[in-house]
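Subject: Structure for your review

Dear colleague,

I am passing on the structure we spoke about, and my notes follow below it. Please open the sequence and the model side by side while you read.

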Amino acid sequence: MVDFNDTAEEAAFRAEVREFLETEYEPLRAGIRKEARTSDGFELTPTRRTWFRTLSDRGWVAPAWPEEYGGAGLPVKQQFIFNEETAERRALRPGGIAIGMVGPTIITIGTEDQRADHLPGILSGEVVWCQGYSEPGAGSDLASLETRAVKDGDDYIVNGQKIWTSGAHRADWMILLARTDPDAPKHKGITYFMLDMHAPGVQVQPLVNMADTHEFNEVFFEDVRIPAKNVLGEENRGWYGAVTTLDFERSSIGSAVGMRQNVEALIDFAKSSDQSALGRRESLRNELADRYIEAQGAMMMSYRIITMQDQGLIPNYEASMSKLYSMELNQRVATTSMHVLGLHGQIRGGDDRAAKYGRYNYGYMRSVANTIEGGTSEIQRNIIATRGLGLPRA
Ligand SMILES: Cc1cc2nc3c(=O)[nH]c(=O)nc-3n(C[C@H](O)[C@H](O)[C@H](O)COP(=O)(O)OP(=O)(O)OC[C@H]3O[C@@H](n4cnc5c(N)ncnc54)[C@H](O)[C@@H]3O)c2cc1C
């Protein structure tokens with residue numbers, strides 16, 4: 001059963017987070033926003049760095065990590081409250097793959113030396129990571145990846161290519177999956193590495209998306225040496241480590257809150273006095289009502305996942321339901337925003353109005369990727385059909 005109520009302790013924690021955001025984040029908000037206009041979101045700009053340090057002093061950069069590794073060791077419900085409150089305030093959350101996925105993986109399957117080497121840089125935000133899983137011929141069917149790593153003394157020599165690698169152009173390190181035993185069944189010949197992106201033979205080529213932003217890249221490896229001490233877990237058992245990493249994806253409460261806020265902003269726009277004709281259009285009124293209901297539905301799915309995690313259960317097809325629903329909803333919200341804004345929805349840059357409307361134009365085009373990144377909608381439906389509904393595989 002979904003538990004919506006805070007205990008007394010959780011309510012006190014929620015108040016503490018709110019007060020912290022009020023006193024510590026609000027003075028930085030304008031600076032963070034200003035810097036965001038000229039950076040690409042992967043960069044640790046000066047005000048972002050200040051915010052990271054403030055969070056770090058409180059142990060809240062990585063609320064989910066155990067205290068012994070620099071986290072706050074918060075129980076699942078308190079992590080959720082922290083995420084929910086920061087999303088409600090539209091405060092910058094130090095998340096990304098380093099905090100959310102790489103750190104927890106190193107904590108779980110890494111050695112003490114690997115933890116000591118890598119966790120401090122992740123916590124300070126100074127060391128940026130990217131995820132090298134997908135290849136031109138291996139996306140949904142990731143286990144058919146072909147990048148090769150061959151043992152050579154104390155090193156492995158890597159050759160091959162990754163694609164769609166978000167933030168590789170800013171990254172210092174990559175979590176990399178490469179094939180070490182080409183003769184083994186495909187899930188069993190893969191090893192999980194930590195790769196220094198500054199090593200000789202690593203080449204990053206930008207891919208600019210249809211929203212005209214440079215977010216992801218192609219990464220090529222030519223005789224790149226990785227010391228054996230940078231293997232995560234055991235040789236040829238990398239598939240299981242990679243699955244552990246993907247398990248660390250949490251409920252998408254941040255995106256559910258963000259979608260509800262976007263719908264509310266569109267409703268305010270349609271109600272505003274100079275747009276009152278818009279607010280009277282029946283089709284638009286109905287469309288906004290639908291989006292509002294759906295955004296509440298996305299919130300409920302996030303609550304369900306967090307309740308399961310709080311009870312020690314591992315969400316499986318439930319996480320796929322939440323991902324599928326939220327991402328398809330985000331695309332519908334973006335389409336509705338174009339209906340509400342009309343011609344203003346085409347404004348992007350070079351105009352004072354771009355500051356007000358440009359994000360909708362960007363959001364509309366960026367949302368296309370939502371149903372591809374992190375596992376496509378078709379793959380989520382396959383999981384729900386087979387594991388959730390018990391339907392036979394094709
Ligand atoms: C914005 C963005 C950021 C990304 N960032 C990263 C990153 O940082 N690191 C990384 O490693 N990857 C990243 N990716 C890659 C992403 O994980 C893959 O694009 C995704 O897994 C799909 O793989 P693919 O593109 O090879 O498509 P394919 O797997 O080739 O799929 C093509 C089409 O076939 C469908 N399909 C495939 N198999 C099935 C099936 N069994 N049943 C039904 N339909 C099927 C798919 O749904 C899709 O419509 C990113 C992608 C995007 C869009």
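Which residues in α1 meet which residues in α3? Before I answer, please keep in mind that this is a predicted model. From α1 the residues are Glu10, Phe13, Arg14, Val17, Arg18 and Leu21, and they meet Lys77, Gln78, Ile81, Phe82, Glu85 and Thr86 in α3. Sorted by class, this contact of α1 with α3 has 5 nonpolar, 2 polar and 5 charged residues. The two helices, α1 covering residues 8-36 and α3 covering residues 76-88, pack at an angle of about 35 degrees with their axes 10 Å apart, and the crossing in which α1 passes α3 is right-handed.

Domains

The chain is divided into domain 1 (8-94), domain 2 (129-239) and domain 3 (251-388). Between domain 1 and domain 3 the C-alpha centres lie 23 Å apart, and 8 residues of domain 1 are in contact with 8 residues of domain 3. On the side of domain 1 that touches domain 3, the residues divide into 3 nonpolar, 1 polar and 4 charged.

The ligand

Around the ligand there are 19 residues, of which the closest are Tyr133, Gly139, Ser140, Thr376 and Glu378. The elements that give two or more residues to this shell are β1 (129-132) and α12 (377-388). In terms of domains, the shell around the ligand draws at least three residues from domain 2 (129-239) and at least three from domain 3 (251-388).

Helix α4 (residues 96-109) and helix α5 (residues 112-124) pack at an angle of about 165 degrees, and their axes are 10 Å apart. Angles over 145 degrees count as roughly antiparallel, and α4 and α5 are therefore roughly antiparallel to each other. Their crossing is left-handed. The contact is made on the α4 side by Ala98, Ile99, Val102, Gly103, Ile106 and Ile107, and on the α5 side by Gln114, Arg115, His118, Leu119 and Ile122. By class, the residues of this contact of α4 with α5 divide into 7 nonpolar, 3 polar and 1 charged.

The other pair is helix α9 (residues 282-310) with helix α10 (residues 317-341), which pack at an angle of about 155 degrees, again with axes 10 Å apart. Here too the helices are therefore roughly antiparallel to each other, and α9 passes α10 in a left-handed crossing. The contact of α9 with α10 has 13 nonpolar, 6 polar and 6 charged residues.

Terms used. Residues numbered from 1 in each chain as written. Predicted model: local features only at pLDDT ≥ 70, side-chain atom pairs only at ≥ 80, totals over all residues. Domains from an automatic or database assignment. Contact = placed C-beta atoms within 7 Å. Nonpolar A, V, L, I, M, F, W, Y, C, P; charged D, E, K, R; others polar. Near = placed C-beta within 6 Å. Helix = DSSP H or I, 4+ residues; strand = E, 2+ residues; numbered from the N terminus. Axes fitted to C-alpha atoms, helices over the stretch in contact; angles between N-to-C directions. Parallel < 35°, antiparallel > 145°, perpendicular 65-115°, else oblique. Left-handed = near helix turned anticlockwise from the far one by under 90°.
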